[in-house]
Amino acid sequence: MDSRRKKKHHYVPRLLLSGFADEEGYLFEYSFQTKKVSRHSSKGVAHQEELYTIDTPNGPSDALEETLGTQLESRAATVIQQIAKARTAPLGSDLDTLVSLMAVQFLRVPRSREERLDFFE
């Protein structure tokens, strides 16, 4: 097993979470199970262990997590920063990037994944 492989897979990108953080970089999280609010860094919320890990002939791979992070989320971060700075709506390929992020975001949360798996069973 590759020890460099990420195990904590965020289903809400940290770039989005950071927009809701306080000046120290912390967010408040409400637990429906415990009915309590707790304070966490963006590293500690909206993730699940091995969520996007896939089994390959060469062992477990987090290629999907890497692709989401390096290809989509990094482009989207630039677009979101431009929107915040210019206070204007994105156009052209920037709009495409933002729409892609929103579509993928809908599909990547654990509940949506569970619903899709249930549908195919």
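Mentor: Let us begin with the elements. The protein chain has four helices and six strands, where helices (H or I, at least four residues) and strands (E, at least two) are DSSP runs, numbered from the N terminus. Please note that this is a predicted model, in which local features need pLDDT of at least 70 and side-chain atom pairs count only at pLDDT 80 or more, while totals for chains, interfaces and linings use all residues. Residues are numbered from 1 along each chain as its sequence is written, and side-chain values use heavy atoms, with hydrogens and water left out.

Trainee: In what order do the elements of the protein chain run from the N terminus on?

Mentor: The order is β-α-β-β-β-β-β-α-α-α. The C-alpha atoms fill a box of roughly 45 × 40 × 35 Å, taken along the principal axes.

Trainee: How does one describe two packed helices?

Mentor: One gives the angle between their axes and the distance between the axes. Axes are lines fitted to C-alpha atoms, for helices over the stretch in contact, and angles run from 0 to 180 degrees between N-to-C directions. Here, the axes of helix α2 (residues 63-86) and helix α3 (residues 92-108) cross at roughly 130 degrees and come within 9 Å. That angle makes α2 oblique to α3; angles under 35 degrees count as roughly parallel, over 145 as roughly antiparallel, 65 to 115 as roughly perpendicular and the rest as oblique.

Trainee: Which residues make the contact of α2 with α3?

Mentor: Contact means heavy atoms within 4.5 Å. Among the residues involved are Leu68, Leu72 and Gln82 of α2, and Asp94, Leu98 and Leu101 of α3.

Trainee: Is Gln105 buried or exposed?

Mentor: Buried means under 20% relative accessible area, exposed over 50%, and partly exposed in between (1.4 Å probe, protein chains only). Gln105, in helix α3, has 14% relative accessibility and therefore counts as buried. Not counting residues up to four places away in sequence, Gln105 touches Tyr11, Val12, Pro13 and Leu16.

Trainee: And how does Gln82 count at its relative accessibility: buried, partly exposed or exposed?

Mentor: Gln82 lies in helix α2 and, at 40% relative accessibility, counts as partly exposed. Gln82 touches Arg87 and Asp94, again not counting residues up to four places away in sequence.

Trainee: What share of the 121 residues in the protein chain is buried?

Mentor: Buried residues make up 24% of them.
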